[in-house]
Amino acid sequence: MSTALESLLDLLDLERIEEDIFRGVSRPAIVPRVFGGQVAAQALVAAGRTVPDDRYAHSLHAYFLRPGDPGAPIVYTVDRIRDGRSFTTRRVVAVQHGQPIFHLSASFQAYEEGLDHQERMPAAPDPESLPTAAEMLPRHLPADVADRLVKARGAVDLRYADVPPWGTVGQPREPRSQVWFRTNGKLDGAIDEHLLHVCLATYVSDMTLLDSVLLAHGRGGWAVGDVVGASLDHAMWFHRPFRADEWLLYDQESPSASGGRGLGQARIWTRDGRLAVTVIQEGVVRVPR
């Protein structure tokens, strides 16, 4: 297991202050605020720790309310909305400096059999045939920016199936992108639990989803500074079990951008073709004046 992955796992291991109150810390991000995927994953950890072990996360809906301060702890307060026979619902508010910065609702379900169908997995190159981030990023970005990106994403082996937005600045493309990802190391032993894999996928889901918005307009994004933006809201549905330490295909597209906002939608597939997760996110995407 990489040192960066160990650091991320420590980040997700929240301190329990009271029965339904948890505290987390942050790690440096590419931008001078808390990375949205981090706060979403930590909030889901907090919710999951108040839920029976036989109930599995099947959906989350979240709003990013204020930029988080990476230098201050984040307090997560869990509200036990409902404990039903099949479903458990939790609401989590993340607070810094006395103000809410993030709000999440999550639903958990006891396992049951039911109708089962899915669409077909899209074609994608084999992940091992693609360059690693450390190999690819310096080809398209200044050395200092590439180094910061590689370090910020060090816990994850993330490989672009095509050139990322900052590699084709000024060249609008189809608003669609694919990345393969997995953790930089295996998860086993005491840390190998269903909730952790779901939280790790939540963490990664905020890294690249709005790239497809940028592609449609030939913008390079936050890495090159030709747009400014932030996540506004985020929703995920967990359909089938998966492992975050095995290759997952993140197939992303943008159906719309308007009013200073861009919409990204995606599906996450296991390597053997099972539809694991659906993701939708809207974010602020503005051209600097």
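## His 97

His 97 is exposed, at a relative accessible area of 63%. Here buried means under 20% relative accessible area, exposed over 50%, and partly exposed in between, with a 1.4 Å probe and protein chains only. His 97 sits in the loop between β5 and β6 (99–110). Its phi is near 50°, a positive value in a residue other than glycine. Most residues other than glycine have a negative phi.

## Model and confidence

This is a predicted model, in which local features need pLDDT of at least 70 and side-chain atom pairs count only at pLDDT 80 or more, while totals for chains, interfaces and linings use all residues. Residues are numbered from 1 along each chain as its sequence is written, and side-chain values use heavy atoms, with hydrogens and water left out.

The protein chain has a mean pLDDT of 92, and 97% of its residues reach 70 or more; pLDDT is the predictor's confidence in each residue, from 0 to 100. Confidence in the chain is lowest in helix α4 (residues 143–152), with a mean of 84, and highest in strand β5 (residues 87–96), at 98. Helices (H or I, at least four residues) and strands (E, at least two) are DSSP runs, numbered from the N terminus. Where pLDDT is low, the predicted coordinates should not be read in detail.

## Salt bridges

The whole structure contains 21 salt bridges, each being a side-chain nitrogen of Lys or Arg within 4 Å of a carboxyl oxygen of Asp or Glu. One of them joins the side chains of Arg 159 and Asp 157, at 3.0 Å from N to O. Both Arg 159 and Asp 157 are buried.

Another salt bridge pairs Arg 274 with Asp 272, at 3.3 Å from N to O. Arg 274 is partly exposed, with a relative accessible area of 32%, whereas Asp 272 is exposed, at 58%.

## The loop between β7 and β8

Asp 162 and Arg 173 form a salt bridge whose closest N and O atoms are 3.6 Å apart. Both residues lie in the loop between β7 (156–160) and β8 (176–183), so the pair ties together parts that are 11 residues apart in sequence. Arg 173 is partly exposed, with a relative accessible area of 22%. Leaving out residues up to four places away in sequence, Asp 162 touches Arg 173 and Gln 178, where contact means heavy atoms within 4.5 Å. The C-alpha atoms of Asp 162 and Val 179 are 8.1 Å apart, and 17 residues separate the two along the chain.

Val 163 is also found in the loop between β7 and β8. Its relative accessibility is 28%, which counts as partly exposed. Val 163 touches His 140, Thr 168 and Arg 173, again not counting residues up to four places away in sequence. Between Val 163 and Gln 252, 89 residues apart along the chain, the C-alpha separation is 14 Å.

## Helix packing

Helix α2 (residues 36–48) and helix α5 (residues 194–208) have axes that come within 7 Å and cross at roughly 160°. Axes are lines fitted to C-alpha atoms, for helices over the stretch in contact, and angles run from 0 to 180 degrees between N-to-C directions. The two helices, α2 and α5, are therefore roughly antiparallel to each other. Angles under 35 degrees count as roughly parallel, over 145 as roughly antiparallel, 65 to 115 as roughly perpendicular and the rest as oblique. The crossing of α2 past α5 is right-handed; a crossing is right-handed if the near helix is turned clockwise from the far one by less than a right angle, and left-handed if anticlockwise. Residues of α2 in this contact include Gly 36, Ala 40, Ala 41 and Leu 44, and those of α5 include Leu 195, Val 198, Thr 202 and Tyr 203.

Helix α3 (residues 133–140) packs against α4 at an angle of about 155°, with the axes 8 Å apart. That makes α3 roughly antiparallel to α4. Ala 133, Ala 134, Leu 137 and Pro 138 of α3 make the contact with Ala 146, Leu 149 and Val 150 of α4. This crossing of α3 and α4 is right-handed.

## Val 213

Val 213 is found in helix α6 (residues 211–217) and is buried, with a relative accessible area of 3%. Not counting residues up to four places away in sequence, Val 213 touches Ser 254, Ala 257, Gly 262, Leu 263 and Val 285. Val 213 and Ser 256 are 43 residues apart in sequence, and their C-alpha atoms are 7.7 Å apart in space.
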